[in-house]
Amino acid sequence: MIRAAELIQRKRDGEQLDPGELRELVLGYVRGEVPDYQIAAFCMAVYFRGLSPAETFALTEAMIASGERIDLHAAIGRPVVDKHSTGGVGDKTSLAVGPIVAACGVPFGKMSGRGLGHTGGTLDKLESIPGFRVELSPDEFVAQVRDVGLAIIGQTANLVPADKLLYGLRDVTATVDNVSLIASSIMSKKIAAGADAIVLDVKVGDGAFMKTLDDARALAEVMLELGERAGRRVVCVLTDMDQPLGSAVGNALEIRETIATLRGEGPDDFNELVADAAAHLLTLSDLGVDEREARARARTAIRDGSALQMYERWIAAQGGNPAEDALPTAGVVRHVTAPQDGFVQSLGAIAIGTAALRLGAGRQTKDDVIDHAVGVRCLKKRGDAVASGEAIAEVHARDDRSADEAVDRVLAAYTFDTEAPPRRPIVLETLG
Ligand code: URA
């Protein structure tokens, strides 16, 4: 008999739980013996009381133990790399980085998640591609990393099932933004999926779960420690999430922007982050290159078309149609226009993420069905000059009513001034 109520109460009262107790709770949840409402209460107790480093480690281990582990290194015979983000708005980085790295000859194998709160999820984005399968079996995953060089999958019934359940529950119970819960969620997936070297993109700012650099550093340090304990090489990049990344926010729109980026036509901030993450992964791999050479190789993969070819091969290997015109499009497209001349001073990431969510690009309850076609394209970003009446964003909506609401929300996300704000780089800090 699992003592779930007692464990929740002890955590609520600030006590430390031992590894066996955390394991009992997590494994009981996965077996269906502990109901959602008790785990939701437990997550809320963790949110307010936190977990010690030992508890965070134990929670991560328990989550890994809820399913199978893949030893990718042994299966592939050489190091495999992976990249993950703590979640942001317009963050399609893995979708571009994976093909670039694989095109440079480094195997990339990743287990990803769905949207959380106002942030989009890589799996939801991939599912906007007709036919794409995110649920590969562990054997299919390994075979694809070996044969194609690239696979991105969801938590299957066998791989970290605890995270699959917890992720969905945290999303709708306001328990996402806790360092230990995020760190254990991300690192359990990374460790179970078996990559040797991992780049973690820790988002900072308005649209991120970590609002300040200090909080982001704290999360990065916990994840570096979890990676080290598991014998993985980890680099954390702390990146700006005060405004959406790139232009597109919304599933199919982000896939289009990924394709454009792999053609060398991506937005500046996104190009910069993709190049940085790809360079770290190539440097951590067995290619034996330094960062300068890694950057040059990543650039070449875009220039010579091999990254785009790799994207197409990968999507087709997972059953998807890689053609851009196969992606769904929204019935209503509206422009949002600048109310004055001047410069964009700020563009709230959370407000844009919420506008996309309300259009149907994300979930407001666990069982909501996503509309893959809808979202927002931010044509003007922080520091861009605008003229009164000029289009600053596009709203892609299912109907006129939701388009009207989104236009108001998107306009309210922008502030303007007569002077340009100081330039801020996308990569703020690198740790590890
Ligand atoms: N990404 C994850 O995989 N898990 C979290 O908890 C947050 C972001």
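I began with helix α16 (residues 349-361), which lies across β6, β9 (375-378) and β11 and runs at about 145° to β9. I took helices (H or I, at least four residues) and strands (E, at least two) as DSSP runs numbered from the N terminus. Contact here means heavy atoms within 4.5 Å. Axes are lines fitted to C-alpha atoms, for helices over the stretch in contact, with angles from 0 to 180 degrees between N-to-C directions.

I then looked up helix α17 (residues 400-413), which packs on the sheet and touches β7, β9 and β11; its direction makes about 25° with that of β7.

I note that the model is predicted: local features need pLDDT of at least 70, side-chain atom pairs count only at pLDDT 80 or more, and totals for chains, interfaces and linings use all residues. Residues are numbered from 1 along each chain as its sequence is written, and side-chain values use heavy atoms, with hydrogens and water left out.

**First sheet.** I read the strand order as β6-β9-β11-β7, an open sheet of four strands with antiparallel pairing; two strands pair if DSSP finds at least two bridges between them. β6 (248-249) and β7 (332-337) stand at the edges with a single partner strand each, so one side of each has no neighbour in the sheet. I found six bridges between β7 and β11 (residues 391-397), in the antiparallel sense. In this pair, Val 332 stands opposite Ala 397 of β11.

**Helix pair.** I checked α16 against α17: their axes come within 9 Å and cross at roughly 175°. That makes the two helices roughly antiparallel, a term for angles over 145 degrees. The residues in contact include Ala 351 and Leu 359 of α16, and Ser 402 and Ala 413 of α17.

I recorded an open sheet of three strands, ordered β10-β8-β12, with antiparallel pairing. β8 (residues 342-347) joins β12 over four antiparallel bridges, and Val 344 stands opposite Phe 416 in β12. Helix α17 lies across β8 and β12, at about 45° to β12.

**Ligand.** I turned to the side chains at the ligand. An N or O atom of the Arg 170 side chain is 2.8 Å from a ligand oxygen atom. For Lys 189, the corresponding distance from a side-chain N or O atom to a ligand oxygen is 2.6 Å. A polar side-chain atom of Ser 185 lies 2.6 Å from a ligand nitrogen atom.

How values were computed. Polar contact = N/O pair within 3.5 Å; in protein donor to acceptor, adjacent residues only side chain to side chain. Parallel < 35°, antiparallel > 145°, perpendicular 65-115°, else oblique.
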